[in-house]
Amino acid sequence: MRAHASLLVFCLACTGGTIALPPIAKPTPTPLVAVPAPVDPDAPLVALDGAIRSGKLKNGLTYLIVVDDDVTFDETLVTLAVNAGSLDETEAQKGAAHLLQHVMHALVEDDVTDPEELGVTSYDRSRFTLPLQSGEISEEAEIERKLGLLRKMADGLKLDRPKLERARNEIHDGGVDEEQAPHAWESPHKRAHPPYGDTAHFTALTEKDLAEFYRTWYRADQMAVIVVGNVDVPAIVRRIEKKFGSLAVPRTPAPTHVALAASAPTGLTVAIEGGDSGFEIVHRIPHAHVRGEAGYRASLIDQFVRDTIVARWRQVTPRAELETSREQFTDVVDLSRLEVNAYDVEDVRRFLREIERLRVHGIDPADLVEQQESYTANLDEPGDHDGAIAQTDALAAYFRDGRPYDGRELHAIGARLFATVTPDEVNAALRANYGEATRMIVARDLDNVTEAQLRAINAQATTPPIEPWDQRPAVRPPMTPPTAGTITSTKEDHGMTVFTLSNGARVIVRPTKETRGSSTAGDVISDREYLRIYAIGSGGWGRLAPEAALQARFAGDLVLRGGLGDVPYDTLREAMRGRDVNLYADIRQLNHEVSVSGKPRELATMMQVMHLALARPRKDPKALDGWRTEHKQLLKDNPTQPYLTMLEQLRALEGNRPTPVVAEAQLDALDLDRAYATYADHMGDLQGTTFLVVGFIEPAAIKPMIETYLASIPTTGTRITARPIAVPKPKLPRTQVLVRPGSDHSIVFDYVADVVTGDRLLAERDLGLFAWALQNRIDTRFMREPRGYVTAAISEDGHRYMRVTMNSRSGFSPTIEKDLQAEVDKLKTTVDQGTLDTLNARYMPRATFAGSWATEVASAIGRGEDPGKRSAYLFDRDGALARIKPELVKATARRFGKPTVIVHVEPVPPAPAP
C-alpha cells in the first residue's frame with residue numbers, strides 16, 4: 001500500500017552519453033525516461049529531490065545515490081533495480097520474475113540468508129539489495145565485492161538445471177503484500193500474473209522461457225544501481241562505471257511494458273467475497289494522465305476527503321473501525337478505498353449515508369483550514385524514509401516510472417499546494433468522484449448478505465432528503481468533572497515539568513517535538529497524534545505472599561473487565577473505540593502501572609478514564625467468569641509452553657523474578673473480591689504515585705486537567721506489605737545444557753555476571769558497549785549464518801546478564817559453541833580498531849522517540865530511580881562516546897565466564913501420518 005504522496009506518476013526527458021554529477025548547491029536531476037504530452041503544459045513537474053545524485057552510463061544504465069550521514073557503513077545498501085515485474089511476463093513465462101530472485105540468491109547466500117530478504121518482486125519492477133558488512137576485509141574491498149555480485153546478477157547469471165530446480169523447491173505459494181483491485185475492475189492480465197504466483201507457475205516454467213525473460217529485460221537501459229548510505233559519491237560513481245560500464249549497449253529498442261486497461265465505469269458495482277467480517281467502499285478516481293503538480297494537488301484533496309469521512313464516521317458510531325488507502329490501479333484511474341470492519345449490513349447503510357451527506361452538503365470550511373494547518377506543519381519536513389531500505393524502495397519506484405521521491409522538496413511542494421485548496425474544489429471532487437457511478441461495494445461475510453440487498457441499501461442511503469451534518473458526540477463522557485484539587489509546587493527538570501499535587505502525587509509532563517527534522521539534543525520526538533498518561537507506583541506481587549501474589553498478578557485484567565464508575569465494560573469499550581482511547585492496568589512484580597493512550601484532542605476523556613481507573617473501578621461478578629474461560633482456552637491453544645518455561649528458568653538465573661507459567665489451577669483459584677482488594681491496596685496510595693504525561697501537549701495547557709482529574713483523586717493509604725528483598729551474589733552453577741522443542745534451530749547462551757555495586761546508569765552503559773562489541777564480532781565471524789542476536793541488561797536484582805541467541809535455517813555446526821566462546825574470550829583481552837569504529841558510529845542512547853523514552857523513564861520510576869537523572873542519561877551522547885575505550889570493553893567482558901545455561905531449541909518433528 002503506497003502513501004498518497006507517492007502515487008503521482010511523472011516523467012523526465014531522456015538524454016544520451018555519460019552524465020556528470022549535478023552540482024551540490026543546486027543539483028539538476030538527470031532525466032531518466034521519456035516525457036508524455038502533459039495535459040496541462042503550464043504545470044511544472046515535481047523534480048527529483050536535490051539530495052539525490054543521479055547519472056547514466058553510455059550503455060544506458062542509471063545510477064541513483066543518496067548520501068545519508070545517519071547511516072553507518074554496515075547499514076549502507078547497494079541495489080540493482082530492474083524495470084521488469086510479473087506484468088512483463090508472457091503466458092509461457094508466468095512466475096519468471098520471482099523465480100529469478102531465487103536463482104540469484106545462490107550467488108549471495110553467504111551474505112543474505114533468505115531469498116525473500118534479497119529483494120522484492122512486484123508487478124512492475126524487481127529490486128535486489130545487498131548490505132555492506134565491515135569486518136575481515138577493508139571497506140573498499142567490501143564495496144567492490146558487493147558491486148561485483150550485482151554485476152553478476154545483471155549480466156552473468158547461469159541458468160543451469162540444478163540452480164533452477166533448487167530455486168523451484170524454495171518457492172511456496174504466496175501473495176504480494178499490496179492492495180489488490182477488485183476483480184471486476186482489474187485487468188485480466190494483472191490478475192493472471194501475480195508477483196508471487198503459485199506453485200503451478202514455477203513448476204511449468206521452462207529453462208528456455210526463464211532465460212528469454214532474463215535476456216529481454218535485464219539490459220542496461222532497464223536497470224539502475226542504487227546506493228543509499230554514508231558513501232563518497234565520486235568514488236562510488238567510479239566503481240559503478242568500472243563494474244557496469246562494460247555491459248553491452250542495447251542494440252534494439254527498449255521492450256514495451258504491458259499497458260493495463262481499465263474497464264469503463266458502468267454504475268454501481270457489487271461483489272460478495274469471503275474473509276474477515278467487513279466491507280469496502282471503493283471509488284474510481286480519474287487522474288487523466290496528469291503527472292505534475294495538478295495530479296499531486298488532486299491526490300492531496302482526495303486524502304483530505306478520506307480523512308474527513310474517517311473523522312465523521314468515528315463521531316457517528318464506535319461500532320466499526322475504518323481504514324482508508326489509495327491505490328494506483330492503472331494509467332487512467334486510482335482507487336480510493338474505504339475499508340470498514342463491520343458487524344452487520346446496517347453499518348453499510350449508515351456508512352453510505354454519511355458519504356452521501358458529505359457529497360450533498362459539502363465539507364465544513366473550518367475543517368479544511370484545520371487540516372491545512374496540520375498538513376503544512378507535517379509536509380514541510382522530509383518524508384518517512386528514515387531507513388536505507390525505505391529510501392531504496394522509493395528510488396526504485398522513481399526509476400520505474402518517475403514516481404516522486406518522498407523528500408524535502410516534494411513535501412514543500414505539497415505544503416504549498418494544499419494551502420491553496422478551496423472548499424469549492426473539495427466539494428467538486430466529492431460530487432464527481434464519490435457517487436454511485438464510480439462506486440463498488442465489496443462485502444465479506446456479512447450475515448449472508450446478497451448483491452440485491454446491497455443495491456437496495458445503497459439506493460436507500462442515497463435517496464433524498466439528506467439531512468445536513470450534525471456535530472454530535474458518539475458517546476457521553478464517562479463521568480462529570482469532580483471537585484478539583486490543587487497543584488502545590490512546580491519545577492523544571494531536564495526538559496520535564498514536575499507538578500506536586502495536593503493529594504501527595506507528582507505529575508511529570510514531557511512535551512514532545514513533532515518530527516525528526518525539528519529535533520535537537522534532548523528532544524523527544526513523536527507526532528501530533530501521540531499522547532500517553534501513566535500512573536506508576538511501588539509495590540508489586542513479587543513483594544507479597546504467594547496466595548496474595550496470585551490475586552495481584554491478574555487484578556488489573558479483572559478490574560478492567562468490570563468497567564469504570566457507572567459504565568459497564570462493554571459500554572466503556574465501545575466508547576473508547578469511538579474516541580481512539582486505550583486503557584491498560586497491571587500489577588507487576590515490583591511495581592504497578594495504569595496507562596491510558598490516545599490523541600491529544602481526547603485529553604479530557606483520557607483524564608476521566610485515568611481518574612476512574614484509580615478511584616472508582618467497577619466490580620462485575622461476570623467479569624471473572626468470562627476472563628477465566630478465555631484464558632483457559634488460550635492455555636489449550638498455546639503451542640509455546642515449553643519455550644516459555646525455559647525463558648522463565650533463564651530469568652530466575654539472571655536475577656529477575658520469574659513469572660510462574662499459568663496453569664488452570666491458578667485460574668480456578670482466583671477470587672474477585674480479593675483481586676479488587678489487592679488492586680485498591682496498590683492504587684490507593686497516591687503518596688507514592690507518579691503520573692507521567694508524554695506527548696504533543698504543553699504543560700500550561702494540561703494544568704487545569706491535572707487539577708480537575710488527578711489532584712482530585714483521594715488517597716486512602718496503602719496496606720501493601722512491602723517486604724525488603726535482598727540482592728544476593730549470583731550463584732552460578734556449572735554450565736547446564738537444556739533441550740527444548742521449538743519451530744526452528746536455535747541456541748540460547750545465557751551469561752550472568754556479578755551484582756552491580758556502583759552507579760546503575762554507568763553499569764548499563766558499559767554493558768551496552770560490550771553487547772554492541774560482541775554483536776559486531778558475531779556479525780563478522782558468522783557472516784549472518786547462523787544469525788546471532790545479543791541482548792544485555794541489568795536485572796531487577798542488580799545482576800548483569802547477557803543472552804546470545806543463534807538462529808539457523810539448517811541446523812548448527814558442531815563448533816558453534818566453541819566459536820562463540822572464542823569471541824567472548826577475545827574481547828577480554830583484545831578490542832580491534834574495527835570494533836571501536838563500529839561502536840563510535842552506532843552506539844548512543846537511542847530513546848529519543850516518545851514511546852521508547854516513556855518506557856525507559858516509566859521503568860526507572862517503577863524502580864524508584866530519579867526520572868530526571870534517567871532522562872539526562874538517555875540523551876548523553878557525549879558521555880556515551882567518551883566511554884568507548886578498549887579497556888572498558890575488556891573489563892566488562894572479563895566479568896563474564898562460561899555461559900550459565902545453554903539451551904538448544906530443536907524443531908519438533910512432524911507427527912506421523914495416521
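The legends below describe several close-up views of a predicted model.

In this predicted model, local features need pLDDT of at least 70 and side-chain atom pairs count only at pLDDT 80 or more, while totals for chains, interfaces and linings use all residues. Residues are numbered from 1 along each chain as its sequence is written, and side-chain values use heavy atoms, with hydrogens and water left out.

**View 1. Confidence along the chain.** The chain averages a pLDDT of 79, and 79% of the residues score at least 70; pLDDT is the predictor's confidence in each residue, from 0 to 100. Over residues 1-46 the pLDDT stays under 50, and the model has 110 contacts beyond four places in sequence for this stretch, a contact meaning heavy atoms within 4.5 Å. Residues 379-385 also have pLDDT under 50, with 20 such contacts.

**View 2. Strand β17 and its two partners.** Strand β17 (residues 591-598) is largely enclosed by the rest of the structure, because seven of its eight residues are buried. Buried means under 20% relative accessible area, exposed means over 50%, and partly exposed lies in between (1.4 Å probe, protein chains only). Strands (E, at least two residues) and helices (H or I, at least four) are DSSP runs, numbered from the N terminus, and two strands pair if DSSP finds at least two bridges between them. Strand β15 (residues 531-538) pairs with β17 in the antiparallel sense over eight bridges, and Y534 has S595 of β17 as its bridge partner. Strand β16 (residues 582-587) is joined to β17 by six bridges, again antiparallel, with I587 partnered by H592, and a hairpin of three residues connects β16 to β17.

**View 3. The largest nonpolar core.** A nonpolar core is a set of buried Ala, Val, Leu, Ile, Met, Phe, Trp, Tyr and Cys residues joined through side-chain atoms within 4.5 Å. The largest one has 57 residues, of which V594, F691 and I706 touch the most other members. Helix α19 (residues 603-615) gives the largest share of this core, eight residues. Leaving aside neighbours within four places in sequence, F691 is in contact with residues including Y534, A535, M610 and L614.

**View 4. A buried asparagine in a loop.** N656 is found in the loop between α21 (641-654) and α22 (664-668), and its relative accessibility of 6% means that N656 counts as buried. A polar atom of the N656 side chain lies 3.0 Å from the backbone nitrogen of E796. Not counting residues up to four places away in sequence, N656 touches R651, S795, E796 and Y801.

View 5. Side chains of opposite charge can pair when their charged atoms come close. A salt bridge is a side-chain nitrogen of Lys or Arg within 4 Å of a carboxyl oxygen of Asp or Glu, and a search of the whole structure finds 48 of them. In helix α3 (residues 139-155), E142 and K146 lie four residues apart, about one turn of the helix, and their side chains meet in a salt bridge (2.6 Å, N to O). E142 is buried, with a relative accessible area of 2%, and K146 is buried at 0%. In helix α10 (residues 345-361), R350 and D347 are three residues apart, so about one helical turn separates them, and the closest N and O atoms of their salt bridge are 3.7 Å apart.

Key:
Polar contact = N/O pair within 3.5 Å; in protein donor to acceptor, adjacent residues only side chain to side chain.
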